[in-house]
Amino acid sequence: MKRLVILGGGYGGIKVLSGLLENYLPDDIEITLIDRNPFRSLKTEFYTIAAGTVADSEVRVEFPEDKRVQYMFKEVTKIDTENNKIIFEDPEDTLHFDYLVIGLGCEDNYHGVKGAIEYTESVQTFSKARHTGVAVGNLNAYGKVTVVGAGLSGIEVASEIRESRPDLNIRLLDRGPTVLKAFDEKIQNHVERWFITNDVDVIHHSNVEYVEKDGVCNNGVCYLNDVTIWTAGVRPVYLVRELPFEKDMHEKIIVNEYYQVPEQQNIFVLGDCAASELSPSAQLAGAQGEQLAEILLALLRGKTPRKPRPIKLRGTLGSLGKSDGFGNMMTMPMTGLLPRLAKSGVLWLNKRH
């Protein structure tokens, strides 16, 4: 028997798994998917858990049941590429692989800011998003929340908390001259106006120097604070960063056109862990997962895989509460209710795939 191990049941890993299970597989192939949670978690919706606007059950999806796949719900502590095995918290507990797919996603990048690890909340994992939701939900009236980072995650977290808790004082620290620097000016202006209208204090040209238990110091000014939420950048999880493979400037593993690690071609990497010309997103990870499933099917059948076509993304959607949003739709910048409805539609499809 040959064992294919998929590390991570996120947007990329689940597309690989479903793509394989939808086809005939050789009888000598054994598939194992490893994830820390006994369910799929929809990471693009973690901001709603942090704000307390939905129950966490709304962003959980069951893994597909199929006798051709085994599941292990454990915390991985090391990927031993030299001996082709996965090591868990118990050093005696290991799993050998013949083929490995790494789709473990990312974690917060604190950029060396003192106190950020100890004193900030996060939305990067299911459990951390739940912890953030408890911290925000337990605040007394007129409590102070600071969100560090004004990219897509920071915008959605800040706006959702505002809709959930209109009594709170919310501050958004933005490193650049405008929010959402990767988006069209029309979208940037719409989001800026939304925050002004909804009394969210946006501070541009921010430079967080350090974080304390009850405060954030930015450009020499220290703000008293009850909860600080970090959304100021990500990097591949530490399990990937410590692997002995060539990486790009963002610490992502460089792969070939078949998502293989050139130095060890039985290992495949996708999503936030793999170097790419495209910006990381759930959509990109899913598209890569679909392509990788076709590549693996060919290899497992003893055939030469076809070269994948260049991925064309359909655009990015974001929310400003439940009735407003923004995004690039059909290459056009859109704001208001339509992109918000489109985002809800994407969530509906993800939950029912």
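This is a short tour of a predicted model, going from its cysteines to a serine and then a lysine.

**Stop 1: the disulfide.** Select Cys-217 and Cys-222. Their sulfur atoms lie 2.0 Å apart and form a disulfide. A search of the whole structure finds 1 disulfide. Look along the S-S bond of Cys-217 and Cys-222: the torsion is about 100 degrees, so the disulfide is right-handed. Now show the surface around Cys-217. This residue is buried, at 2% relative accessibility.

Stop 2: Select Cys-106 next. Cys-106 is in no disulfide, and the nearest cysteine sulfur belongs to Cys-273, 8.0 Å away. A disulfide needs sulfur atoms within 2.5 Å. Cys-106 is buried, with a relative accessible area of 10%. Move to Cys-273. Cys-273 is in no disulfide either. Its relative accessibility is 0%, so Cys-273 counts as buried.

**Stop 3: Ser-206.** Go to the loop between β13 (201-203) and β14 (208-212), where Ser-206 sits. Ser-206 is buried, with a relative accessible area of 7%. Follow its side chain to the backbone oxygen of Ile-203, 2.7 Å away. Then display the contacts of Ser-206 beyond four places in sequence: Leu-173, Asp-174, Arg-175, Asn-218 and Asn-219.

**Stop 4: Lys-144.** Select strand β11 (residues 144-148) and pick out Lys-144. Is Lys-144 buried, partly exposed or exposed? It is partly exposed, with a relative accessible area of 35%. Leaving out residues up to four places away in sequence, Lys-144 touches Asn-169, Leu-224, Asn-225, Asp-226 and Val-227. Finally, draw a C-alpha to C-alpha line from Lys-144 to Lys-181. The two are 37 residues apart in sequence and 25 Å apart in space.

How values were computed. Residues numbered from 1 in each chain as written. Predicted model: local features only at pLDDT ≥ 70, side-chain atom pairs only at ≥ 80, totals over all residues. Heavy atoms only, no water. Helix = DSSP H or I, 4+ residues; strand = E, 2+ residues; numbered from the N terminus. Buried < 20%, exposed > 50% of the residue type's maximum accessible area, 1.4 Å probe, protein only. Polar contact = N/O pair within 3.5 Å; in protein donor to acceptor, adjacent residues only side chain to side chain. Contact = heavy atoms within 4.5 Å.
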